[in-house]
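I opened the notebook today to look up a handful of points in this model, one residue or element at a time. My notes follow in the order in which I looked.

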Amino acid sequence: MSGETTLQPLRTPDPLRPGAAAHRPHHDRRQTGFRSAGFVVLLVLAVVMVFPLLWMVLTSLRSSNTVFGGPFIPTQFTVSAYREAWHTIHFGSHFLNSLVITSLTVVGTLALATLSGYAFAMLRFPLRNTLYFVLLSTLMMPASALIIPLYLQLKSLNLLDTRQGLVLLYIGSAAPFAMFLMRAFFETLPMELVEAARVDGAGEFRVFWRVMMPLARPGIATVVIFQFLATWNEFLYANTVIQTTGRLPLQPMLFTLVGQYSTNWPALTAALTMSVLPVILVYVRMQRQFVAGMTLGAVKN
Amino acid sequence: MTSTVERTRTATVRRRRLPSRRNRRERYVGYAFVLPTLVFFAAFVGWPLIHSIYLSFTSWTGFGTPTFTGLHNYSRLAGDAVFRKALLITVVFTAVTTVLQTILPMLIAILINAGWRRAGIVFRTILFIPGVVSFVVTGVLWQLIYDPNLGTLNRLLADIGLRSWQHQWLGDPALVVPAIIVVSLWQSLGLYMLIFFAGLQGIDPTLYEAALVDGANAWQRLRNVTVPMLRTVTGVVVALNLINGFKTFDIVYVMTRGGPNHASEVLGTYLYSLAFGSLSGSAPQIGYATAISIVIMALCMAAVIVQFAINRRATADVR
């Protein structure tokens with residue numbers, strides 16, 4: 001939608017590498033004072049930001065009778081809350097639901113987005129710009145505003161309360177944005193490669209699959225990571241589409257715990273911790289793609 | 001297949017002047033590549049969108065056929081006290097979060113960018129962590145923190161001798177929206193900070209050198225170089241904040257469901273409770289709820305237009 005501005009982040013330097021273009025201020029004495037004051041401010045801020053998550057982990061490691069009262073950092077740790085969350089909440093099966101739903105969504109979205117992104121970037125066909133604009137024009141559509149017709153749509157397709165229905169819905173709503181990302185990425189690749197491969201007699205699909213796809217890996221990584229995060233964390237659609245408890249993915253499952261387990265904080269926080277862990281691990285491990293996906297994805301979410 | 005002459009011509013020229021067999025093939029392949037996306041899009045975005053516009057002009061409980069009632073839903077909205085309250089709360093929430101979540105992330109990004117290579121990376125990593133945590137986890141976690149009897153916040157206040165500051169954070173109609181704004185800030189700060197950071201990296205360093213030659217001090221460089229050069233990015237952040245504010249749902253739904261007594265009701269939660277009947281067990285009001293979703297879409301559209309306008313002026317000014 002907002003053409004120039006949304007495209008821009010792709011071309012700006014990597015936010016995680018204070019690289020060549022970064023502004024290197026010239027230091028004078030007064031600035032050193034500024035910098036140390038700034039350091040203290042940032043340190044305090046970092047502590048405040050981490051505190052809730054730290055508190056969550058610490059609470060999950062307490063036993064239920066020592067959870068209220070006692071020092072902030074418990075003297076005794078126990079993993080009994082994790083065992084409890086795993087067994088009574090059936091954490092494992094909901095985790096698996098989330099994993100399957102997320103993987104299928106990522107694969108499906110990627111399949112659609114690489115094909116259409118490539119076509120919009122590299123192939124010429126009538127109505128190309130019109131179709132592209134139609135796909136893009138709905139990017140700003142908020143999820144909550146579409147929930148009613150989507151619910152009805154799944155109902156009419158007999159897919160309500162099924163994980164397949166949820167996956168199809170996720171793919172459909174994610175595809176335009178993923179296409180937009182992939183197209184922007186393919187456009188950075190030289191058109192001459194396509195021409196050269198054609199001249200060598202490669203078919204159109206072969207050009208796409210053997211020549212362009214290997215080069216598109218960084219773009220694909222961004223789409224995968226962003227889509228993984230978005231799907232893993234999605235709540236509204238999952239909570240509305242799935243009704244059978246056993247089929248619930250993690251997020252709506254955690255939500256149902258609030259009432260039932262509001263007195264068992266260790267079990268509740270243990271479940272929260274286990275659901276956040278994969279995301280934080282992936283984030284710390286693949287920061288660069290994560291941030292690229294998030295900053296770009298922010299346009300939609 | 002390809003003559004030497006053709007091979008030497010550029011792609012565009014050949015494409016325009018000589019429609020060839022290859023050209024036709026490219027066309028079919030183009031459609032074939034785009035088709036799957038279009039099918040999914042039509043089924044799960046396009047049609048639902050059209051359907052919801054139609055439904056907003058009807059009265060329907062989800063059973064039988066919808067009755068066409070024209071603009072009735074929209075005129076009913078004007079007289080609905082809960083809707084007006086939800087609209088007001090949504091707008092206030094959006095305004096406050098937009099101001100806070102633009103100014104603070106910008107300052108933090110500038111602060112981080114002003115020094116330290118390694119520490120800067122660590123700070124960015126840490127500040128962004130809440131951004132990868134889901135709304136549900138965030139909501140549940142902060143619900144526990146805000147818990148009036150056992151929550152950490154009240155306990156912390158008691159520990160430092162501020163027992164009189166203790167409150168029912170989510171149960172007090174006057175405090176519930178500010179309490180949710182704090183949570184939103186906690187979660188979104190890192191993301192907007194990163195967007196500003198990307199913008200800072202894009203500023204041409206020669207501008208600072210020129211400012212230094214002119215004898216500009218740190219404050220003057222910030223005021224006259226950094227902030228103006230960030231205008232486009234600021235426009236994006238403002239627009240994102242506006243859109244995210246207008247469509248707020250998850251965090252409020254998880255933490256309060258719009259309560260107590262609609263004190264934190266936003267458009268998203270009101271529409272959800274009308275359609276999926278979690279409020280009073282009354283019949284779902286599909287048509288009426290859909291009209292609210294159209295209002296949310298209109299607000300988000302307006303935000304996009306605002307961003308276009310800001311962006312346009314910003315680019316014009318810089319030039």
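**Entry 1: a residue in chain B**

In which helix of chain B is B:Ala42 found? I traced the residue and found B:Ala42 in helix α3 of chain B; I keep in mind throughout that this is a predicted model. I then looked up its accessibility, and B:Ala42 comes out as partly exposed because its relative accessible area is 39%, which lies between the limits of 20% and 50%. Setting aside the neighbours within four places in sequence, I noted that B:Ala42 is in contact with B:Trp47 and B:Pro48. I also checked B:Ala42 against B:Thr248, which is 206 residues away along the chain, and the C-alpha atoms of the two are separated by 25 Å.

**Entry 2: the interface**

I went on to the contact between the two chains, to which chain B gives 107 residues and chain A gives 118 residues. The area buried between chain B and chain A is about 10,000 Å², and 75% of that area is on carbon and sulfur atoms. On the chain B side, I found that B:Phe33, B:Phe44 and B:Gln201 supply 8% of the area that chain B buries against chain A, which is more than any other three residues supply.

How many salt bridges does the rule find across the interface of chain B and chain A? The rule finds one, and I located a salt bridge between the side chains of B:Glu26 and A:Arg198, with 3.4 Å from N to O. Sorted by class, the side of chain B that touches chain A holds 69 nonpolar, 22 polar and 16 charged residues.

**Entry 3: a buried asparagine**

I looked next at B:Asn113, whose place is in helix α5 of chain B, residues 81-113. Is B:Asn113 buried or exposed? B:Asn113 counts as buried because its relative accessible area is 8%, and the limit for that class is under 20%. Its side chain is joined to the side chain of B:Gln201 by a polar contact of 3.2 Å.

**Entry 4: a helix in chain A**

I then turned to helix α12 of chain A, residues 250-260, where eight of the 11 residues are buried, so the helix is largely enclosed by the rest of the structure. I listed the buried residues of α12(A) as A:Leu250, A:Gln251, A:Pro252, A:Met253, A:Leu254, A:Phe255, A:Leu257 and A:Val258. What covers these buried residues includes α4, α10, α11 and α13 of chain A, together with α7 and α13 of chain B.

For chain B I counted 15 helices and two strands, and buried residues make up 52% of its 319 residues. For chain A the count is 14 helices and zero strands, and 58% of its 301 residues are buried. Among the contacts in chain A with a separation of 6 or more, 74% are between residues 24 or more positions apart, and in chain B the corresponding share is 66%.

**Entry 5: backbone angles in a loop**

I looked up B:Arg257, which lies in the loop between α13 and α14 of chain B, and its phi is near 55 degrees, a positive value in a residue other than glycine. B:Arg257 is partly exposed, at 43% relative accessibility. B:His262 lies in the loop between α13 and α14 of chain B, and it has a positive phi of about 65 degrees although it is not a glycine. I wrote beside this that most residues other than glycine have a negative phi.

**Entry 6: confidence in chain A**

Last, I checked pLDDT in chain A, which averages 82, with 84% of the residues scoring at least 70. Among the elements of chain A, the lowest mean pLDDT is 37, for helix α1, residues 3-11, and the highest is 95, for helix α4, residues 91-122. Over residues 1-25 of chain A the pLDDT stays under 50, and the model has 58 contacts beyond four places in sequence for them. Where pLDDT is low, the predicted coordinates should not be read in detail.

How values were computed:
Residues are numbered from 1 along each chain as its sequence is written. Chains are lettered from A and ligands numbered from 1 in the order in which they are written. This is a predicted model: local features need pLDDT of at least 70, side-chain atom pairs count only at pLDDT 80 or more; totals for chains, interfaces and linings use all residues. Side-chain values use heavy atoms; hydrogens and water are left out. Contact means heavy atoms within 4.5 Å. Buried area is the accessible area (1.4 Å probe) that two parts lose on being put together, summed over both. A salt bridge is a side-chain nitrogen of Lys or Arg within 4 Å of a carboxyl oxygen of Asp or Glu. Ala, Val, Leu, Ile, Met, Phe, Trp, Tyr, Cys and Pro count as nonpolar, Asp, Glu, Lys and Arg as charged, and the others, Gly among them, as polar. pLDDT is the predictor's confidence in each residue, from 0 to 100. Helices (H or I, at least four residues) and strands (E, at least two) are DSSP runs, numbered from the N terminus. Buried means under 20% relative accessible area, exposed over 50%, partly exposed in between (1.4 Å probe, protein chains only). A polar contact is a pair of N or O atoms within 3.5 Å; within protein, one must be able to donate a hydrogen and the other to accept it, and residues adjacent in sequence count only if both atoms are side-chain atoms.
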